[in-house]
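Me: I would like a close look at a single part of this structure. Please keep the answer plain and connected.

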Amino acid sequence: MAGNIFFVGLMGAGKTTVGRVLAKHLHKAFYDSDHEIERRTGVSIPYIFEVEGESGFRRRESAMIDELVRMPDVVVATGGGAVLLEENRKNLKQHGTVIYLRAHVNELWIRTRNDKNRPLLQTADPRKRLEQLFEQRDPLYREVAHHVVDTGGQSVNTIVQQIESLIG
(Lines give C-alpha, C1' and ligand atoms only; values in the text may rest on other atoms or scores of the structure.)
Protein backbone atom coordinates (compact mmCIF):
# COMPACT_ATOMS: atom_id res chain seq x y z
CA MET A 1 0.00 0.00 0.00
CA ALA A 2 1.55 3.26 -1.12
CA GLY A 3 0.90 6.57 0.54
CA ASN A 4 0.76 7.95 4.03
CA ILE A 5 -1.50 6.88 6.87
CA PHE A 6 -2.38 9.28 9.67
CA PHE A 7 -4.06 8.38 12.94
CA VAL A 8 -6.32 10.77 14.82
CA GLY A 9 -8.28 10.22 18.01
CA LEU A 10 -8.33 11.05 21.68
CA MET A 11 -5.46 10.28 24.02
CA GLY A 12 -5.50 6.62 24.94
CA ALA A 13 -7.27 5.51 21.74
CA GLY A 14 -4.22 3.52 20.63
CA LYS A 15 -2.80 5.73 17.88
CA THR A 16 0.85 5.09 18.74
CA THR A 17 0.49 1.38 19.54
CA VAL A 18 -1.62 0.58 16.47
CA GLY A 19 0.46 2.91 14.28
CA ARG A 20 3.73 1.18 15.18
CA VAL A 21 2.35 -2.28 14.40
CA LEU A 22 0.71 -1.15 11.15
CA ALA A 23 3.89 0.60 10.00
CA LYS A 24 5.88 -2.57 10.62
CA HIS A 25 3.32 -4.65 8.66
CA LEU A 26 3.39 -2.21 5.75
CA HIS A 27 7.17 -1.60 5.85
CA LYS A 28 6.70 2.12 6.40
CA ALA A 29 8.45 4.53 8.76
CA PHE A 30 6.49 5.36 11.93
CA TYR A 31 6.34 8.74 13.64
CA ASP A 32 4.44 9.98 16.67
CA SER A 33 4.09 13.76 16.38
CA ASP A 34 4.25 14.28 20.17
CA HIS A 35 7.39 12.14 20.49
CA GLU A 36 9.00 14.03 17.61
CA ILE A 37 8.27 17.36 19.33
CA GLU A 38 9.80 16.04 22.57
CA ARG A 39 12.83 14.63 20.74
CA ARG A 40 13.54 17.89 18.94
CA THR A 41 12.91 20.25 21.85
CA GLY A 42 14.53 18.02 24.45
CA VAL A 43 11.65 18.62 26.86
CA SER A 44 8.35 16.90 27.68
CA ILE A 45 4.94 17.90 26.35
CA PRO A 46 3.78 18.81 29.91
CA TYR A 47 6.78 21.15 30.19
CA ILE A 48 5.93 22.84 26.87
CA PHE A 49 2.33 23.29 28.09
CA GLU A 50 3.62 24.77 31.35
CA VAL A 51 6.02 27.23 29.70
CA GLU A 52 4.24 28.10 26.44
CA GLY A 53 0.65 27.22 27.25
CA GLU A 54 -1.59 25.12 25.03
CA SER A 55 -1.41 27.68 22.21
CA GLY A 56 2.42 27.49 22.14
CA PHE A 57 2.26 23.72 22.02
CA ARG A 58 -0.37 23.80 19.23
CA ARG A 59 1.94 26.01 17.12
CA ARG A 60 4.77 23.49 17.53
CA GLU A 61 2.38 20.62 16.80
CA SER A 62 1.13 22.27 13.62
CA ALA A 63 4.67 22.83 12.33
CA MET A 64 5.54 19.20 13.11
CA ILE A 65 2.43 17.87 11.33
CA ASP A 66 3.19 20.06 8.33
CA GLU A 67 6.64 18.48 8.15
CA LEU A 68 5.55 14.88 8.77
CA VAL A 69 2.71 14.83 6.21
CA ARG A 70 5.15 15.80 3.46
CA MET A 71 7.37 12.77 4.07
CA PRO A 72 6.88 9.80 1.75
CA ASP A 73 5.38 6.50 2.89
CA VAL A 74 4.91 7.15 6.60
CA VAL A 75 2.49 6.18 9.32
CA VAL A 76 1.92 9.05 11.77
CA ALA A 77 0.18 9.08 15.14
CA THR A 78 -0.98 12.64 15.82
CA GLY A 79 -1.65 14.17 19.21
CA GLY A 80 -5.27 14.08 20.35
CA GLY A 81 -5.76 17.81 19.79
CA ALA A 82 -4.11 18.01 16.37
CA VAL A 83 -7.54 18.25 14.71
CA LEU A 84 -8.40 21.47 16.54
CA LEU A 85 -6.70 23.58 13.88
CA GLU A 86 -8.33 23.59 10.46
CA GLU A 87 -4.89 23.87 8.85
CA ASN A 88 -3.91 20.51 10.41
CA ARG A 89 -7.13 18.84 9.30
CA LYS A 90 -6.58 20.02 5.72
CA ASN A 91 -2.95 18.95 5.78
CA LEU A 92 -3.75 15.47 7.05
CA LYS A 93 -6.64 14.88 4.67
CA GLN A 94 -4.68 16.17 1.68
CA HIS A 95 -1.53 14.10 2.20
CA GLY A 96 -2.76 10.63 3.06
CA THR A 97 -5.42 8.35 4.48
CA VAL A 98 -6.74 9.51 7.85
CA ILE A 99 -7.99 6.90 10.30
CA TYR A 100 -9.94 7.90 13.39
CA LEU A 101 -9.32 5.42 16.20
CA ARG A 102 -12.44 5.79 18.30
CA ALA A 103 -12.86 4.51 21.83
CA HIS A 104 -15.51 5.13 24.47
CA VAL A 105 -14.74 7.62 27.21
CA ASN A 106 -14.73 4.95 29.92
CA GLU A 107 -12.13 2.92 28.06
CA LEU A 108 -10.02 6.03 27.43
CA TRP A 109 -10.20 6.92 31.11
CA ILE A 110 -9.08 3.44 32.15
CA ARG A 111 -6.14 3.60 29.72
CA THR A 112 -5.01 7.12 30.72
CA ARG A 113 -5.94 7.49 34.39
CA ASN A 114 -2.42 6.84 35.76
CA ASP A 115 -0.54 8.70 33.04
CA LYS A 116 0.97 11.93 34.35
CA ASN A 117 2.23 12.85 30.87
CA ARG A 118 -1.22 14.08 29.76
CA PRO A 119 -1.40 17.79 30.63
CA LEU A 120 -5.10 18.15 29.75
CA LEU A 121 -6.01 15.43 32.27
CA GLN A 122 -4.23 16.99 35.24
CA THR A 123 -7.54 18.20 36.68
CA ALA A 124 -9.73 17.35 39.67
CA ASP A 125 -12.00 15.21 37.46
CA PRO A 126 -10.02 13.75 34.53
CA ARG A 127 -12.89 11.49 33.46
CA LYS A 128 -15.21 14.47 33.07
CA ARG A 129 -12.45 16.26 31.15
CA LEU A 130 -12.22 13.28 28.76
CA GLU A 131 -16.00 13.47 28.23
CA GLN A 132 -15.68 17.16 27.35
CA LEU A 133 -12.77 16.51 24.98
CA PHE A 134 -14.69 13.67 23.30
CA GLU A 135 -17.75 15.87 22.83
CA GLN A 136 -15.65 18.70 21.41
CA ARG A 137 -13.35 16.65 19.17
CA ASP A 138 -15.42 13.68 17.94
CA PRO A 139 -17.06 15.78 15.16
CA LEU A 140 -13.61 17.05 14.06
CA TYR A 141 -12.14 13.54 14.01
CA ARG A 142 -15.11 12.38 11.91
CA GLU A 143 -14.76 15.36 9.56
CA VAL A 144 -11.10 14.63 8.78
CA ALA A 145 -11.23 10.82 8.77
CA HIS A 146 -11.46 8.66 5.69
CA HIS A 147 -12.20 5.70 8.01
CA VAL A 148 -13.43 5.32 11.60
CA VAL A 149 -12.25 2.25 13.50
CA ASP A 150 -13.67 1.44 16.91
CA THR A 151 -10.88 0.19 19.17
CA GLY A 152 -13.08 -0.91 22.08
CA GLY A 153 -12.38 -4.40 23.37
CA GLN A 154 -10.25 -5.43 20.38
CA SER A 155 -6.64 -6.56 20.28
CA VAL A 156 -4.06 -4.45 18.49
CA ASN A 157 -3.62 -7.16 15.84
CA THR A 158 -7.37 -7.28 15.18
CA ILE A 159 -7.46 -3.50 14.78
CA VAL A 160 -4.46 -3.59 12.43
CA GLN A 161 -6.12 -6.32 10.32
CA GLN A 162 -9.30 -4.22 10.11
CA ILE A 163 -7.28 -1.20 8.95
CA GLU A 164 -5.35 -3.23 6.40
CA SER A 165 -8.60 -4.46 4.87
CA LEU A 166 -10.00 -0.89 4.82
CA ILE A 167 -7.00 0.60 3.05
CA GLY A 168 -6.54 -2.44 0.82
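Which residues of the largest nonpolar core touch the most other members?

Reply: This is a predicted model, in which local features need pLDDT of at least 70 and side-chain atom pairs count only at pLDDT 80 or more, while totals for chains, interfaces and linings use all residues. Residues are numbered from 1 along each chain as its sequence is written, and side-chain values use heavy atoms, with hydrogens and water left out.

The residues are Phe7, Val8, Leu92, Ile99, Leu101 and Ile163, in a core of 44 residues. A nonpolar core is a set of buried Ala, Val, Leu, Ile, Met, Phe, Trp, Tyr and Cys residues joined through side-chain atoms within 4.5 Å; buried means under 20% relative accessible area (1.4 Å probe, protein chains only). At least two core residues each come from β1, α1, α3, β3, β4, α5, α6 and α7. Helices (H or I, at least four residues) and strands (E, at least two) are DSSP runs, numbered from the N terminus. The largest share, 8 residues, is supplied by α3.

Take Ile163. Leaving aside residues up to four places away in sequence, Ile163 touches Phe7, Val18, Leu22, Ile99, Leu101 and Val149, where contact means heavy atoms within 4.5 Å.

Now the helix pair. The axes of α1 and α7 are 10 Å apart, and the two helices pack at an angle of about 55°. Axes are lines fitted to C-alpha atoms, for helices over the stretch in contact, and angles run from 0 to 180 degrees between N-to-C directions. Residues making this contact include Val18 and Leu22 of α1 and Ile163 of α7.

Methods:
Buried < 20%, exposed > 50% of the residue type's maximum accessible area, 1.4 Å probe, protein only.
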